[in-house]
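Have the viewer ready and follow along.

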Amino acid sequence: MSCIFCKIANGEISAKIIYQDERVVAFNDLSPQAPQHYLIIPRKHLATLNDLTNEDVELAGHMLCVAKQIAIDLGIAETGYRTVINCNSDGGQAVYHLHLHLLGGRQMEWPPG
Ligand code: 5GP
Ligand code: ZN
């Protein structure tokens with residue numbers, strides 16, 4: 001398995017992990033786009049959001065709940081933050097292991113680039 005996020009999840013590649021449990025791992029983005037930028041990934045390898053099935057409904061909900069809890073713990077829940085899942089080429093996806101971006105600590109803009 002050559003997937004870098006699988007390797008982060010199983011400890012083969014180091015990352016600054018801020019939260020993990022049996023289903024997900026959250027760690028600092030290598031190239032932060034905001035003062036706070038974390039990635040929440042499932043331990044299960046799903047390449048894109050398109051690969052979610054009904055089996056993964058709880059997992060997807062758990063990823064969102066973990067993002068929310070991290071935002072609370074970081075103290076940015078009230079000021080606000082953004083969650084993003086990029087899917088495939090037009091979505092700007094670069095790493096083909098599903099991940100939820102959590103960005104905060106600055107004013108976000110809309111529409112995104
Ligand atoms: P995407 O464009 O696929 O939504 O986002 C991929 C993200 O993964 C990018 O923000 C990029 O900085 C981050 N990233 C890529 N490789 C690594 C890595 O080896 N370690 C960490 N921590 N982040 C990575
Ligand atoms: Zn993977």
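How many residues does H2 have, and how far does H2 reach from its first C-alpha to its last? H2 has 18 residues and reaches 26 Å, close to the 26 Å expected at 1.5 Å a residue, where the expected span is 1.5 Å times one less than the number of residues. Helices (H or I, at least four residues) and strands (E, at least two) are DSSP runs, numbered from the N terminus.

Before going further, a word on the ground rules. This is a predicted model, in which local features need pLDDT of at least 70 and side-chain atom pairs count only at pLDDT 80 or more, while totals for chains, interfaces and linings use all residues. Residues are numbered from 1 along each chain as its sequence is written, chains are lettered from A and ligands numbered from 1 in the order in which they are written, and side-chain values use heavy atoms, with hydrogens and water left out.

Back to the helix. The buried residues of H2 are Leu59, His62, Met63, Val66, Ala67, Ile70 and Ala71; buried means under 20% relative accessible area, exposed over 50%, and partly exposed in between (1.4 Å probe, protein chains only). An α-helix has 3.6 residues a turn, so residues three or four places apart point the same way. The cover over these buried residues includes strands E1 (17–20), E2, E3, E4 (81–84) and E5 (100–104), with contact meaning heavy atoms within 4.5 Å. After H2 comes Gly75, with a positive phi near 80°.

Now turn to the metal. Cys3 (SG), Cys6 (SG), His45 (ND1) and His97 (ND1) coordinate the zinc ion (ligand 2) at 2.0 to 2.3 Å; donors are N, O and S atoms within 2.8 Å of the metal (3.2 Å for Na, K and Ca), and water is not among the atoms, so sites may look incomplete. Cys3 sits in the segment before helix H1 (4–9) and His45 in the loop between strand E3 (36–42) and helix H2 (57–74), so the pair ties together parts 42 residues apart in sequence. Cys3 counts as buried at 12% relative accessibility, whereas His45, at 33%, is partly exposed.

Finally, the disulfides: there are zero, a disulfide being a pair of cysteine sulfur atoms within 2.5 Å. For Cys87, the nearest cysteine sulfur is that of Cys3, 15 Å away.
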